[in-house]
Amino acid sequence: MMTTGRIWAGGLGLLVAVFMLFAAPMIVENVDASEIVVIQSPVAGDLKVVADPGWTWQGMGTVTKYPRRNELRFLDTECIKANADAKMTAATGGLPIRFYDGGNATLCGTISWLMPLDPKSVIDIHKEFRSADAFEVQAIRRSMQSAATFSGPTMTSFESAAGKRNELLQIMNDQTLNGVYQTISKNVRAKDIAGVEKDMTVTEIVRDEKGQPRRAQASYVEKYKVQMLPMTISHFAYEKRVEEQIQQQQAATNAAVVAIANAKKADQDAITAEAQGRATAAKAEWEQKTIAAKTIAQADAQVTIANASVKEAEAFKKAETLRGEGEAARKRLVMEADGQLDKKLEAIVSINKMYAEAIKSAQPGAWSPSVVMGGGSQGNGGSNAAALVDLMTAKTAKEVGVDLSVKGAAATKK
């Protein structure tokens, strides 16, 4: 039989077991590598910051988790429709911005922020905002809205869509990270978004002696030592009238740019044509000079050839003259040496041969007269012919200058 004490002990043990069952998850906490955990003690209310991943003592305390890094998206309705996972919340709406010409737009994009790692800054954020969502909406987004509010009036809607868009993004990033600028208002005469010229108020940034912007207040980002990456703007959602005006101005600007480009192209074409004309003229001139140079070169070559031919002819003439003079001198010396006896003898032989043929072909008795006056025999015709031949031979020898008389020892023979 169980006693009352045992019953009480069993009930107490069961109660402790149930308590331990429900309280076990609050004894220790597993810290993920992507989180920073703030644990508040249930008794003294002390706050402990745990940034290292792994198990840590919770001691029944309250745990609040903050992301080490988070991305804030600011989107308009169209962007949310295009992103199936996006939801319209206080932290996801686009950033409204107003320009000094009266135009309005909504900025859409994203920005990443990183929690500080030092315990004091984390505890300050926890005490002030109590959650990451609240910190994102009330601190980071508010800093971005202030930056957009003070950046828009520095330019017109058209400037934000054209030449000054990068400047606008730089101004917004700087004010988000480091605090909004001190500004002054200045009245200017300009056209509003409808194209009507009127007095408008433009905002100018106040700068120090070094040219750096003066700050009207510090940003939450700087105050709580939050690190932020530059925002990324996906697009500017202008209101309809602004969009139409911007398109018209862009069309006019593009037309002007095209006209200027065409004018420059025409000028360049004229310069190019002139240059091409000069090049063509120069080419033609050089071609003519080339032809002339070639003609001159050919003429010079022909003159050179002709001069060479003349010199060759002169040399040939001189050689032939010298050769003739040498031959004449040789012949003269030969004649002086033998009197051309061989030729003279050839002439005598030839003449006698002709006489002999003439006598041979004459009729018998033609060499003796038919009537002989005085004494003498009629039958001496042969002697007459012989005498005639001797006479003609002597005559020929005399004419050619040959002495036929026998001289020396031969003359004494009878």
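Colleague: Happy to have a look! Where is Lys225 found?

Modeller: In this predicted model, Lys225 lies in the loop between α7 (220-223) and β11 (227-228). Lys225 also has a positive phi of about 55°, although it is not a glycine.

Colleague: Why is Lys225 called exposed?

Modeller: Exposed means over 50% relative accessible area. Lys225 has 54%, so it is exposed.

Colleague: What makes Asn173 buried?

Modeller: The cut-off for buried is under 20%. With a relative accessible area of 15%, Asn173 is therefore buried. Asn173 is part of helix α6 (residues 165-178) and touches Pro230 and Met231, leaving aside residues up to four places away in sequence.

Colleague: Now the sheet. In what order do the three strands of the open sheet come?

Modeller: The order is β3-β2-β5, with antiparallel pairing.

Colleague: Why do β3 and β5 stand at the edges?

Modeller: β3 (47-50) and β5 (62-67) each have a single partner strand, so one side of each is left without a neighbour in the sheet.

Colleague: How do you know that β2 and β3 pair?

Modeller: Pairing takes at least two bridges. Strand β2 (residues 35-40) and β3 have four, so they pair, in the antiparallel sense. For instance, Val49 in β3 is the bridge partner of Val38.

Conventions: Residues numbered from 1 in each chain as written. Predicted model: local features only at pLDDT ≥ 70, side-chain atom pairs only at ≥ 80, totals over all residues. Heavy atoms only, no water. Helix = DSSP H or I, 4+ residues; strand = E, 2+ residues; numbered from the N terminus. Buried < 20%, exposed > 50% of the residue type's maximum accessible area, 1.4 Å probe, protein only. Contact = heavy atoms within 4.5 Å.
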